[in-house]
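Subject: Structure handover

Hello,

Here is the structure for your files. Please open it next to this note; the findings follow below.

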Amino acid sequence: MKSKPSFIIVGGGMAGAIAAQTLREEGFEGQITLLGQEPNAPYERPPLSKDYLQGKADRDSIFVNPDRWYAEQAVELSLDSAVTTLDPDSQTVSTATGGRLHYDKLLLATGSKPRRLDVPGADLDGVYYLRNVEDSDRLKIEFTRANRAVVIGAGWIGLETASAARAAGLEVTLLVSGDLPLQRVLGPEVAPIFAELHRDHGVDLRYRTTATELTGSHGRVTGVVLSDGTRIDADMIIVGIGAIPRTEIAADAGLKIDNGIVVDQHLRTSDPDIFAAGDIARTYNPRLGRHIRVEHWANARRQGVVAAKAMLGQDAADVRPSYFFTDQYDFSMEYTGDIGPAGYDRVIFRRHAQSSQMIVFWLHQQRVQAGMNINIWDVADDIERLVQSTHPANPEDLANPAIPLASLV
Ligand SMILES: Cc1cc2nc3c(=O)[nH]c(=O)nc-3n(C[C@H](O)[C@H](O)[C@H](O)COP(=O)(O)OP(=O)(O)OC[C@H]3O[C@@H](n4cnc5c(N)ncnc54)[C@H](O)[C@@H]3O)c2cc1C
C-alpha cells in the first residue's frame, strides 16, 4: 500500500500556520508537519507593537489557532525545532535537535529577522529589537522602569513602538535617517502626516541623523551619540532599522535567492517540490509584471493559502494589490496598492469634514497605484478595486468626499 504523502512546513508564523490550515480545508489527508523555531504555537505579530505591547490585548488573543486545533487537525506541530539544513536531492530537512525528516512537498515560511545595529555599544543591556512575543514582553516590562527612550529608525516598527512608549509615559526621541519618517514608502507629500502625528504627541523627532555610538555604564546603555555629534541620554534604546529575510537554509540548499527566495506566481521555488511564502518570498506578480517581496501580515496570510493550494497542484496565485495597516495613538490607517518602479506623478487628497479623516491616492498616468484611508473604515475594498481598475481615474471625483468611492470603480 502506498504511504500517504508528507508535507513539511518550515516556520511556524502566519504563512506557515495558514498553509497548514488551508491544506486541511482543501481536503489534504497526508501528513503535515509544522516545524517552528520558537517555543510558541504560531501567532500574529502586528499586536506585538500595538495593543499587546500596550497591555490592551492578552497573550491568548494573538494566536492564529487555539492549541487544540493542531491535534484536532492532525497537524504535527513541532516547536523549538529550528531547521538547520535542507537537502533537495534526498528531500529531507534536518533540525537542530538532531531530527531528519523526509518530505514530498516542502514549504519554507521562515519570515524575517530584525536588522541589527552595527555601532559601538550596540550589545549593551537596554538595547531592544522587536520581532517575537518575548521581545514585546521585555519591552513592556522596560516601559515600566525607563523614563527616556530613543527609538532608532522611523519605519512602521519604530513609529508604533514610539507611540506605545509615549502611551506608557516615556520621553521619546525618534531618530529619522532621512528627511521624514516613511518618506520612501509614502513620499514627501504624505509622510509629513506621520511626522506631525508624532510631534503632536510629544515625540522629539531628529531628522537626517543616525546613531554612531551607544554609550553605557556598567554594561547598560545610557545614551546615544548621533551622526552630528549630539548626545542624547536614554535608559532604553529601541532599534527598528528594517528586517532581513531568513533565507539561509534555502541559500545553502542552492535555491535561487535574490533579496528573498525567488518564486513564481504559484510560490514555487527553483526546485519544483519546494515552495516559499510570506516575508521570505520574492514573488512574481503577473499583474505588476515583476517580482516583489512584501513584509506584511496580509501577504503572509494570502500566500499561506496560495502555497498550500499550489502544493496540492492547484492553479493558485495572488494578484491582489498589497495591503497593510497601522495603528498609532488615535490614528488608524490602511494602505492598499503597490507603487511601481516608475513611481507616481500625482497625489490626491480626499479630505472629509472631520480633519482626522482622509483618503490619499497616488496616481501614475491617471491610474490609481495605491490608496491610504486614515480613520475611515470599510473603504479598503473600494480602493482595491480602484487600484485594479484599467480605466483612467477622474482626479476631481477622487478628491470629492461627497461622491461614494464605490461609484468611481
Ligand atoms: C512587531 C511587528 C509588528 C507588525 N505589524 C504589522 C502591521 O501592523 N501590519 C502588517 O501588515 N504587518 C505587520 N507586521 C509584519 C507581519 O507580522 C509579517 O509580515 C508576518 O508576520 C510575516 O509572516 P511570515 O509567516 O512570513 O513570518 P513570521 O511571522 O516571521 O514567521 C516565521 C517563523 O519561522 C520561524 N523560523 C525562522 N527560521 C526557522 C528555521 N530555520 N526553522 C524553523 N523555524 C524557523 C521564525 O522563528 C518564525 O516563528 C509586523 C511585524 C512585527 C515584527
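**What was found**

Asp 273 lies in the loop between β18 (261-263) and β19 (274-276). Strands here are DSSP runs of E with at least two residues, helices are runs of H or I with at least four, and both are numbered from the N terminus.

The model is predicted: local features need pLDDT of at least 70, side-chain atom pairs count only at pLDDT 80 or more, and totals for chains, interfaces and linings use all residues. Residues are numbered from 1 along each chain as its sequence is written, and side-chain values use heavy atoms, with hydrogens and water left out.

The side chain of Asp 273 makes a polar contact with the side chain of Lys 105, at 2.8 Å. (A polar contact is a pair of N or O atoms within 3.5 Å; within protein, one must be able to donate a hydrogen and the other to accept it, and residues adjacent in sequence count only if both atoms are side-chain atoms.) Setting aside neighbours within four places in sequence, Asp 273 also touches Gln 91, Tyr 103, Asp 104 and Leu 106, where contact means heavy atoms within 4.5 Å.

**The ligand**

Which residues come nearest to the ligand? Of the 33 around it, they are Glu 38, Arg 45, Lys 50, Arg 131 and Asp 279. A residue counts as near if one of its heavy atoms lies within 4 Å. Glu 38 has a polar side-chain atom 2.5 Å from a ligand oxygen atom. For Lys 50, a side-chain N or O atom is 2.4 Å from an oxygen atom of the ligand. Val 83 uses its backbone: an N or O atom there lies 2.8 Å from a ligand nitrogen atom. The protein covers 95% of the 990 Å² of accessible area that the ligand has on its own (Shrake-Rupley method, 1.4 Å probe).

**Two strand pairings**

β13, β14 and β15 form an open antiparallel sheet, in that order. Two strands pair if DSSP finds at least two bridges between them. β13 (211-217) and β15 (231-233) are at the edges with a single partner strand each, so one side of each has no neighbour in the sheet. Six bridges join β13 to β14 (residues 220-226). Glu 213 stands opposite Val 225 in β14.

Strand β20 (residues 281-285) runs antiparallel to β21 (residues 290-293), with four bridges joining them. Tyr 284 faces His 291 across this pair.

Best regards
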